[in-house]
Amino acid sequence: MAEMQLDEEFQVLGKRRLDHKTWKESKKLWHIAAPAILTSVLQFTIGFVTVAFVGHLGTVELAAVSVVQNVINAFAFGVMLGMGSALETLCGQAVGAGKFHMLGVYMQRSWIIACVTGILLTPVYVFTTPILKLLHQKDEISEVAGNYCRWVIPQLFGYAVNFPLQKFFQSQSKVWVMAAISSVALALHGLLNWVLVTKLGHGLVGAAMAGNISWWFINLAQFFYLVSGVFPDAWTGFSLSAFQALGGFIKLSLSSAIMLCLELWYFTAVILLVGSLKNAEIAVDAISICMNFQLWAFMITLGFNAAISVRVSNELGAGRASAAKFSVFVAVSTSVLFGLLLMSVVLITRSDFPKLFTDKPVVVRETSKLGFLLAATILLSSIQPVLSGVAVGAGWQAWVAFINIGCYYLIGLPVGALLGFKFKLNTLGIWSGMLLGTVFQTVILIWITMRTNWQKEALRAEERIRTWGGQSEHQ
């Protein structure tokens, strides 16, 4: 009897320790995730506001801007965000190891790589119209999209500056200022759209100018924060060391960009498939509205992506393998709860949320039909980005890139095209194929994460800091 009572006491004590450990980890996670979620949602809502204002100009304008945001901008956004994501691995692990003097040089290297990449991507913006026509998009939509895209080239270089800055701040858990800056930028963006698009009637050009000003306001405000003296060890000014030891950094940057781009381009490919359907204008409008809503929800889980990336990279850099593993468990559990909540919102409002974007009954009706698939996608998107954040924190970008190719481009898109065109399920079939690819990818990432030897990952982090950090920073 005494032994049973003793066992029960040990169980209670163990549960209390687990609860305390979970609560402690949750606080660390939310310290990063809450402002990161807010920042992601606010910055994504800049595009959300643009679509909302443009949607009232006409269906062609809405379709054109949606194609630009989901095809051209998504292409550039993915490349730039992916390039910046290399900092999540290197800066996060350097912070965990206490090597703050590396961070400023890392960020400058990322700026160099991202700006050169922006120059290489500029022709895509200049020749958007022929590119979209080559991809079998409607001529009228392609012409309007091409004209709009040339006006938003400054946003391309805005991304190149913004993402390295954000990763620099995130790695050190300095994220609340980013959220404050983004909230001011969103208010500014709404005001500019109201003045330029609605009151002054400048149409798509006004919408483009509003976006350019808003993104560069974010960059200037973040740069002032950088040089304000908050980072005495991590930022000591511009350095020629940024041009040294670029080889390993470019390698990781490219792996990060490919991994993320394959995910974002997956949604781009879906838009392009839908654009080839009959009545493409209505179909593109419907799926673009769903994509905007899904990406808005994705921005929330992207906050958990950033948080778990920082937590995993910090703990691996410090050599605490078990702490990194426990962080993964807490982050995934928390994100799934949010996914269930957002899924419920979509199911309840599936007949109403399309009205935020359009007042055309036929578009509202077509969008509502996709409500159940949108809800399922949002639930999966509460898991997959967190696991991708684990991959970034641990430096698995190359492996995840191969997984994305197989699940998205060898399974999801072919099945979607088959269901959409061969079986005449149209938009519903294309989205179903996309969802299937996401299911496969999520299952594989869960399996890999569960089988990971975290002690080995901690040793690899130590080696990465020593080898890829470059000899110039070692003191």
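Helix α12 has a face turned away from its buried side, and that face carries the exposed residues Pro-361 and Lys-369. Here buried means under 20% relative accessible area, exposed means over 50%, and partly exposed lies in between (1.4 Å probe, protein chains only). Helices (H or I, at least four residues) are DSSP runs numbered from the N terminus. The model is predicted: local features need pLDDT of at least 70, side-chain atom pairs count only at pLDDT 80 or more, and totals for chains, interfaces and linings use all residues. Residues are numbered from 1 along each chain as its sequence is written, and side-chain values use heavy atoms, with hydrogens and water left out.

**Helix α12**

- Helix α12 spans residues 361-369, and its buried residues are Val-363, Val-364, Thr-367 and Ser-368.
- These four cover an arc of only 135° around the axis, so they sit on the same side of α12. The arc is that of the directions from the helix axis to the C-beta atoms.
- The cover over the buried residues of α12 includes α10 (280-317) and α13 (371-381).

- The buried residues are Gly-371, Leu-373, Leu-374, Ala-375, Thr-377, Ile-378, Leu-380 and Ser-381.
- What covers them includes α10, α11, α12, α14 (384-394) and α16.
- Two packed helices are described by the angle between their axes and the distance between the axes.
- The axes of α11 (residues 321-349) and α13 come within 8 Å and cross at roughly 170°. Axes are lines fitted to C-alpha atoms, for helices over the stretch in contact, and angles run from 0 to 180 degrees between N-to-C directions.
- That makes α11 roughly antiparallel to α13, a label for angles over 145 degrees.
- On the α11 side, the contact (heavy atoms within 4.5 Å) is made by Gly-339, Leu-340, Leu-342, Met-343, Val-346 and Leu-347. On the α13 side, Gly-371, Phe-372, Leu-374, Ala-375, Ile-378 and Leu-379 take part.
- The residues of this contact divide into 10 nonpolar, two polar and no charged. Ala, Val, Leu, Ile, Met, Phe, Trp, Tyr, Cys and Pro count as nonpolar, Asp, Glu, Lys and Arg as charged, and the others, Gly among them, as polar.

**The nonpolar core**

- The largest nonpolar core has 147 residues, and Tyr-125, Phe-168, Leu-226 and Trp-454 touch the most other members. Such a core is a set of buried Ala, Val, Leu, Ile, Met, Phe, Trp, Tyr and Cys residues joined through side-chain atoms within 4.5 Å.
- Not counting residues up to four places away in sequence, Phe-168 touches Leu-103, Gly-104, Met-107, Leu-226, Phe-231, Ala-234 and Trp-235.

**Single residues to look up**

- Glu-88 is in helix α2 (residues 59-96). Glu-88 is buried, with a relative accessible area of 6%.
- Leaving aside neighbours within four places in sequence, Glu-88 is in contact with Lys-167, Gln-170, Asn-305, Ala-306, Ser-309, Ser-313 and Val-392.
- Ser-183 belongs to helix α7 (residues 176-199). Ser-183 counts as partly exposed, at 35% relative accessibility.
- Lys-424 is found in the loop between α15 (397-422) and α16 (426-450). Lys-424 is exposed, at 63% relative accessible area, and has a positive phi near 60°.
- Asn-426 lies in helix α16. Asn-426 has a positive phi of about 55° although it is not a glycine.

Notes:
Helix = DSSP H or I, 4+ residues; strand = E, 2+ residues; numbered from the N terminus. Parallel < 35°, antiparallel > 145°, perpendicular 65-115°, else oblique.
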